[in-house]
Structures are given as structure tokens and as C-alpha cells.
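Student: Please show me the sequence and the structure, and then let us go through some questions.

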Amino acid sequence: MATLVLGVVGRALLGPVGGAIGALVGNRVDHAVLGSPRRQGPRLTELSVQGSAYGTQMPAIFGTMRVAGPVIWATDLVETRGVSGGGKRRPSVESYSYSANFAVALSGRTIRRVGRIWADGRLLRGSAGDFKVATAFRLHPGTEAQAVDPLIASVEGERAPAFRGLAYAVFEGLALAEFGNRIPQLTFEVEADATDMDSGAIAQAVSPVVRAGSQGTTVAGFAASGGSVRAVLAMLADMSGGQWIADGAGIRMIVPGYATSATSIVDEGMAARGAGQRGRRAVTADAVLPASVTVAHYDPARDYQIGTQRARRVGGVRDERLDLAAALDAATARTLAEDRLTRRLAERVRRTVTLGPEALAIGPGDVIGIAGETGRWRVVEAAWEAMAVRLSCVPVSGAAPVLGASSGRIARAADRTVGATRLIAFEAPPLSDELLSAPRLTIIAAGGPGWRQANLAYSLDDGASWIAIGTTALPGVIGSVTAVTPGGGTALVDRRGSLVVSVDDDLADADAAAIDAGANLAWVGGELLQFARAEPLGDRHWRLSALRRGLRGTEAMVGQAVAGTPFALVTAETVRTLDLPITALGARVTFLAHGVADGSEGVATAATVTGCSVLPPAPIGLWSRHQSGGEVAIGWTRRSRIGWRWLDRVDAPLGEEGERYRVTVGGREAIVTEPRWSGPAQAGERVTIRQLGTWGASPPLVGSIGEG
């Protein structure tokens with residue numbers, strides 16, 4: 001009768017799924033405990049692996065859990081093209097970056113918030129709500145009135161779904177460079193309820209046929225999923241060491257440890273057959289019992305990674321494992337394991353009693369006292385046969401002691417707040433012997449801890465329009481000068497002068513071989529220099545000394561640095577370049593970086609195209625000599641924008657289409673094709689010499705006619 005009534009109620013309330021709950025009584029009353037057979041319940045692995053298969057089940061989240069929901073909507077990857085480099089002897093390099101737009105389902109019931117988000121095991125969103133990679137993010141909590149996401153609406157139009165009743169998150173423009181240009185495996189810290197929940201309350205939320213019963217185990221979170229509602233309720237009973245019993249038109253979970261009283265009975269069958277009838281007591285062989293019980297669970301202390309706790313005994317050979325799709329602390333999980341093992345040992349004894357019709361009110365789950373037996377007994381089966389009630393009972397074990405437990409070694413993902421982008425842009429002479437045919441600007445970017453890259457764009461019209469050029473290079477070293485000690489000039493090594501700079505990164509010394517190979521090259525307010533010694537002063541300050549100054553024609557800027565002058569290390573890995581048309585000479589170029597922590601406006605800087613990357617450097621070494629007839633001969637030394645290492649020890653290569661100079665003496669001007677000029681001149685007259693290169697004139701060499 002109980003099977004029929006409960007099955008009908010279940011089907012009436014919940015349809016086929018409710019029928020499965022109703023069938024928890026099975027073919028006999030003893031299966032009111034949600035015993036076998038049952039469909040598979042929630043599994044731990046289901047919550048940690050993200051998928052996008054059609055028909056993927058969506059768990060209902062209680063408390064706080066870490067889940068990997070299925071991707072329910074996505075567009076094609078968005079490709080952004082950038083161009084860098086290029087020149088007369090070198091082709092430009094195209095780079096591509098990708099971003100993704102997609103939505104991920106999180107819970108089949110309403111949630112309050114999303115905390116941390118992990119991508120391939122690393123934190124994508126920290127505990128403060130900050131993202132470590134550029135993206136826009138929106139959360140839809142799963143209400144029945146939630147609106148369509150604007151991005152989905154813009155793509156899908158009128159057919160765009162609102163996914164009402166389903167909590168989901170939308171990522172817009174998630175940068176994929178750090179994930180191999182693919183959507184990473186995402187897991188989310190989902191908070192559905194503000195407080196911990198007990199298994200009884202969860203069961204009531206899962207199914208309306210569940211009546212209030214014993215409280216059960218309190219958990220930090222639970223994910224209700226699996227083959228059926230019945231399977232979920234079975235796991236909740238397993239987790240609490242409880243038992244489901246019929247309760248009017250519904251069911252109720254009881255936990256024997258919470259029982260405060262027991263009905264006393266006298267075994268009428270024993271009285272009739274005599275106390276010597278041993279068939280009334282059955283004892284399971286010790287070898288059949290488990291040697292240990294392992295409880296696997298999600299451990300909040302391990303960032304919700306799977307943890308295990310085990311209870312052991314002497315004897316037996318097998319391990320009994322309980323997989324709980326619940327968030328439990330280590331101590332609670334160990335207590336559950338100890339309690340389950342204690343119950344298994346106690347319940348190896350099964351006692352059968354026979355009673356009269358007056359015992360019809362006693363059913364599965366009731367706790368009784370049996371005359372002549374010690375302790376309390378729990379009814380696991382009840383049957384009515386031959387005008388008698390037969391009860392099958394097991395001893396009620398005492399609660400296992402609450403023991404401390406460790407979550408083990410925790411490999412927690414670093415949660416570093418990403419700093420804002422710092423950006424510097426400038427034009428410098430080529431750092432190699434490459435002959436450029438277009439002005440080249442250098443961009444170096446850096447940021448605080450956790451900063452990786454930023455999207456980059458430039459404008460030639462003061463921000464009226466922007467051209468995207470991909471992302472910045474690897475993080476560089478950017479700072480500023482805080483103090484200057486004057487020293488020598490550009491000849492050989494300046495051992496008297498020094499600079500104190502403030503940078504967030506560590507600097508290091510460099511020996512002669514490393515300096516010769518280009519180590520410790522820095523841009524300091526227009527001057528290229530190298531430093532062999534970096535002395536730490538504390539508080540992120542460093543004194544730089546043993547300087548090679550005014551490199552590659554930047555000697556005019558030697559001694560110009562003051563407190564506040566920008567400083568940047570120049571390395572191949574941290575430099576992003578932009579080649580502009582020759583018509584851009586003299587233009588002001590604005591750069592805009594958008595990193596994770598840069599806000600909607602981004603971070604801007606500007607550089608002027610001076611032409612120093614394509615124009616020859618100024619000549620040096622002006623001399624003059626008076627000749628007969630009032631004429632003066634002057635000469636100078638040509639320099640080249642290539643061949644700075646002077647490997648052949650002869651003359652620097654020309655590096656231009658032809659050799660020409662514009663010479664101005666007093667108010668007279670002449671064009672010559674070799675580094676000398678002669679003509680009428682007087683002592684003291686001003687002399688200006690510029691080399692005329694392929695793309696324009698060099699900076700001037702300025703001097704005057706000497707007396708002798």
C-alpha cells in the first residue's frame with residue numbers, strides 16, 4: 001500500500017521524475033530509504049570540466065560551489081591584426097590577437113553572485129572582483145524576469161533568448177593570448193545562498209514531496225544534479241547517514257543519531273519459539289566489512305578542489321568510497337568517514353523481531369528498544385505476513401567523535417591585483433645596422449604585479465581617429481630619474497657621472513662582454529646609454545654608474561636629464577615598434593593602451609616623429625685652416641646611421657644613396673659631395689654643416705672659423 005500511495009503522489013506532483021521519487025519505496029517498504037536500484041547521482045568531476053555538448057545537464061547550486069558550466073552561446077573568435085617593423089631591407093611583421101564572446105551557464109536556480117573565476121587553473125578574476133585579463137563581464141542571476149543580454153541581442157536579433165530561470169555569465173572580448181588563442185577551461189565560484197545549508201533544507205528545495213525532518217549535515221555548498229531527483233535525495237541521505245521514510249503524502253529524512261526516544265518492544269516470536277532460536281540474529285563476516293571509508297568532497301580551503309578524508313580500522317581488505325558533490329571542510333568530511341565506518345561495523349548485526357498487529361505503526365526508520373537486547377535498534381525493514389509484523393533491525397551506533405583534519409598541501413592560484421599600464425613612446429636611432437626607409441617609433445609598456453599586455457592603438461590626429469596595432473610587447477622596465485650626478489661626456493666610459501632611477505623591477509650589473517653585446521641599454525629622455533653598475537639603494541631606487549653615454553648619435557642629450565625624466569630599459573623582447581610613412585616626419589603621434597586595469601579611457605602617451613631613425617647623425621670634428629688669398633679650408637668627419645660597431649676599423653659605411661652636405665658659412669650656402677669645403681671666410685664666422693641623407697638632412701654641426 002505504501003508503494004502505491006507514494007508513487008501516485010510523486011507522479012501527481014512532479015510527473016515522471018516525481019514518479020521516480022515515489023518509487024523510492026520500491027517493491028517493498030524497506031526501499032523507502034532510497035536504496036538500490038537507483039540512477040547515478042551527482043559526481044565530483046561533473047563540476048570541474050567545462051563542456052558545450054547539447055543537452056548537458058545544469059546543476060542547481062546551493063550555498064557556495066566552484067562549478068564549470070557549459071558554454072551555451074558563442075560567436076566566432078574575433079581577430080585583430082597588427083603590423084610592426086618593416087623597412088628597406090626588412091619586411092613588416094604582421095601579428096594577430098584574438099578575443100572571444102561567449103556565455104556560460106552556472107546554475108539551474110537563482111544565484112546571488114559570482115566570486116573568483118579560474119581559467120585553466122589560474123585566477124582570471126580575483127577575490128576583489130578584478131580581472132587579470134582584458135574582458136567585459138556580465139552576470140545574469142537566473143530570475144524569471146531577467147532581460148536578454150545586450151551582446152546576445154545584438155548578434156541574434158529578435159530570436160535572442162533571455163535564458164530565464166538559468167543563471168549564466170557573459171564574457172565580451174575576452175583576450176585569448178594567454179590561453180593559446182582558445183577559450184580556456186573556466187570554473188566559477190558561485191554563491192547561491194548567503195549561508196551554509198543543511199542537507200534537509202536542500203532536500204526540501206529539490207523536491208516538494210520532502211517534508212521537514214532531521215537537520216542532517218551542514219555543508220558550505222551542494223550541486224544538485226545527476227540522473228534523477230531520487231539520486232540527489234539518495235546522496236543527501238548518504239551524506240547525513242540518514243534514511244528516507246514515508247510521511248503521509250510525502251517523504252521525510254531521519255538521522256538516527258538525532259532520535260531522543262525509542263519504543264520498547266518484546267519479541268513475541270522469540271517468546272513463542274524459545275530464547276534459543278539463533279536464526280533471529282545474523283552477523284556479517286568481518287572480511288566482508290570495509291577496512292576503510294573514504295569521503296571525497298570539494299574543500300573550500302583548497303579553492304574547492306577535490307579533497308579526501310579516510311577512516312580506517314584493523315581488518316578487512318576493501319575501501320568504501322563516498323563521493324559527495326558538496327563543499328565540506330576537512331574536519332566535517334573526516335567525521336562523516338568515521339561515522340560511516342562506525343555505522344558499518346555496528347550494523348553488521350541484524351536482528352529480526354516478530355510482533356502483533358499493534359506494531360503496525362512501527363515502520364522503517366523508527367528507533368526501538370528490544371527486551372533482552374542492549375542499546376537501541378533502527379528498523380530497516382517492516383513486513384506484514386500471516387497476521388504478524390516482522391521487523392528487521394540494526395543497532396544504532398553512537399555518533400563518531402569530531403576529529404580535526406588537514407586539507408593537505410594547498411596549491412592555490414596567485415591572486416595578484418593587476419596594475420595599470422605604464423607607457424612610453426619615442427623615436428630612437430636604429431639599434432641594429434638595418435637601413436630604415438620609414439620613421440620607426442618604439443613603444444615600451446609595463447604595469448604592476450600581474451600585468452601582462454595591453455591592447456594598443458595610435459592616432460595621427462590628436463585622438464579624432466584611432467588605428468589598432470595589436471598588443472604591447474612583453475612587460476618592460478619603466479621608471480624615472482630621481483637624481484643626477486654630473487660627470488664626463490661621451491668619450492669612452494663616464495666614471496664620474498651617475499643617475500639614480502626609480503623602477504619597480506630589479507636591475508643588475510653587466511660585465512664588459514655583456515655591455516659589448518648590448519646589455520643594460522636604456523633610453524633616458526632622448527639619450528641612449530648603457531650602465532655597467534646598478535647599485536640598489538632601497539625603496540625601489542638604483543644608482544646607475546660606469547656609463548657609456550650618447551650612443552648612436554644621441555650625444556646632444558647628454559647631461560639633459562633631470563629629476564622626473566622618463567627612464568626605460570630597451571630590450572628586443574619588450575620593444576613594440578611602429579613604422580610610419582616618411583610624410584609623418586614632424587608629426588605628433590598619440591598612443592593609447594587598454595589593459596585590464598586601465599578603465600574605459602585607457603592610458604595615453606605621445607611621441608614626435610623627429611626623423612632620428614631615418615636621418616643621418618650630425619657630422620663631428622669640425623676644423624678650419626686659413627689659406628693664402630683670404631680663403632679658409634674647413635673639414636669634418638662624416639658619421640653614418642649604420643656601422644656603429646666599426647667592425648672593419650676603416651671608414652663607416654655611407655648608409656645613404658649619395659654623399660652630400662649643405663655647408664653654410666656666414667650667410668653663404670653651398671652643397672658639397674665630400675667632407676670638406678674651401679672659400680673666402682673670416683675668423684669668427686659661424687659655420688653650420690648638415691649631411692643630406694636619403695630621407696632628409698641630419699641635425700647640424702655648428703661651429704666657427706678659427707683664428708689660425
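Student: Is Tyr-458 buried or exposed?

Tutor: This is a predicted model, in which local features need pLDDT of at least 70, side-chain atom pairs count only at pLDDT 80 or more, and totals for chains, interfaces and linings use all residues. Residues are numbered from 1 along each chain as its sequence is written, and side-chain values use heavy atoms, with hydrogens and water left out. Buried means under 20% relative accessible area, exposed over 50%, and partly exposed in between (1.4 Å probe, protein chains only). Tyr-458 has a relative accessible area of 10%, so the residue is buried.

Student: Which residue in E28 is the bridge partner of Tyr-458?

Tutor: Strands are DSSP runs of E, at least two residues, numbered from the N terminus, and two strands pair if DSSP finds at least two bridges between them. E27 (residues 455-459) pairs with E28 in the antiparallel sense over 3 bridges. The partner of Tyr-458 in E28 is Ile-467.

Student: In what order do the 4 strands form the open sheet?

Tutor: The pairing is antiparallel. The edge strands, each pairing on one side only, are E28 (467-471) and E37 (603-608). The order is E28-E27-E36-E37.

Student: How many residues apart in sequence are the parts that the pair of Tyr-458 and Phe-591 ties together?

Tutor: Rings of Phe, Tyr and Trp (its six-membered ring) pair if their centres lie within 6.5 Å; planes under 30 degrees apart count as stacked, over 60 as edge-to-face and the rest as tilted. Tyr-458 and Phe-591 form a tilted pair, 6.4 Å centre to centre with 45° between the planes. Tyr-458 lies in E27 and Phe-591 in E36 (residues 588-594), so the sequence separation of the parts tied together is 133 residues.
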